[in-house]
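Let's take a walk through this one together, with the sequence and the 3D view side by side.

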Amino acid sequence: LDTGLYLDRPFRFMDRDFTQTLEPRVYYLYVPYEEQNNLPIFDTAKNSFGFEQLFRDNRFSGGDRIGDANQVSVGVTSRFIDHSTGQEKLNLGLGQIIYLRDREIQLNETDPAESTELSPLVARGYWLVNRHWSLRAETQYDAEVSNLDALTTGIGFRSKHGNLVNLNYNYYDDGAVTADPESEKIKQTDFSFAWSINQRWGVLGRWGFDLEQRRSYDNILGVEYESCCWRARLVNRRYLKESNDDPLAVEAVRGIYLQIELKGL
């Protein structure tokens, strides 16, 4: 059962006309418990908790596990829209799940049931500072134990020619009640860019650095060529993945990637 309201009002700020919306939403979800431990897991994982997870009908990705549920999600979003451009200058959201029973279905039979009565309080925000700069953030706070479970924040730049630069910071507490049993503490920075040199050529890259482990976890550097009808990218990538011999260890993987895009299609 999904229900909500849409309210808006015009207002003026710094000689500019805006519309502010207020959008409360209540989402009730009931899924009966069915034993699933005899089903193998092929491509299913637990979804990362966040604002969008408040209004999904399954806490798992894939079809190998269907999470049992009896819960009510309550959220509210407020948006600020510039009349002169139609752009959404500010977007703020706040929400939480009220659990009416324990969640027994887990990925593995040995994983304990989730027994909390409230989810972390989730807040998110996006601010289009001007035509080039934007800020975004999302945080999860567990009020029952006064713990910051997760934080994602970032700044983005877009030039008038479409060039992009992004800088993000991700934090995740492995002691959060929403954590997977095998999750680790995360403190990571992520820098990425896509920049045109001229009308035909451009460069792109990414540098992900793990502050907790003091190592890079995903590096990409490449070039791009573009014509009227097609586009091609050639990149070198180095990233970390679980070792085939030891699931508790990681190993570096390197590769050269070629991507061709037919723009006319």
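## A guided look around

Glu 144 has a relative accessibility of 48%, so this residue counts as partly exposed. Keep in mind as you look that this is a predicted model. To find Glu 144, go to the loop between β9 (133–142) and β10 (147–158).

Now for the aromatic rings. A search of the whole structure turns up 10 aromatic pairs. One of them joins Phe 11 and Phe 80, edge-to-face, with 5.8 Å from centre to centre and 85 degrees between the planes. Phe 11 sits in strand β2 (residues 7–13) and Phe 80 in strand β6 (residues 69–82), so this contact ties together parts that are 69 residues apart in sequence. Phe 80 has a relative accessible area of 17%, and because buried means under 20%, Phe 80 counts as buried.

What about Tyr 27 and Phe 55? Their ring centres are 6.1 Å apart and their planes stand at 85 degrees, so this pair is edge-to-face. Here too distant parts of the chain are linked, since Tyr 27 belongs to strand β3 (residues 16–31) while Phe 55 is in the loop between β4 (45–46) and β5 (60–61), 28 residues apart. Tyr 27 and Phe 55 are both buried.On to the salt bridges, of which the structure holds 19. Arg 12 forms one with Asp 17, and their closest N and O atoms are 2.7 Å apart. Asp 17 is partly exposed, with a relative accessible area of 36%.

Glu 114 and Arg 103 also meet through their side chains in a salt bridge, at 3.8 Å from N to O. Both residues lie in the loop between β7 (88–99) and β8 (121–128), so the bridge ties together parts that are 11 residues apart in sequence.

Last stop: Arg 231 and Glu 226, whose side chains form a salt bridge of 2.9 Å, N to O. Arg 231 counts as buried at 15% relative accessibility, whereas Glu 226 counts as partly exposed at 22%. Both belong to a network of salt bridges that links Glu 224, Glu 226, Arg 231, Arg 233, Glu 261 and Lys 263.

How values were computed:
Residues numbered from 1 in each chain as written. Predicted model: local features only at pLDDT ≥ 70, side-chain atom pairs only at ≥ 80, totals over all residues. Heavy atoms only, no water. Helix = DSSP H or I, 4+ residues; strand = E, 2+ residues; numbered from the N terminus. Buried < 20%, exposed > 50% of the residue type's maximum accessible area, 1.4 Å probe, protein only. Phe/Tyr/Trp six-rings, centres within 6.5 Å; stacked < 30°, edge-to-face > 60°. Salt bridge = Lys/Arg side-chain N within 4 Å of Asp/Glu carboxyl O.
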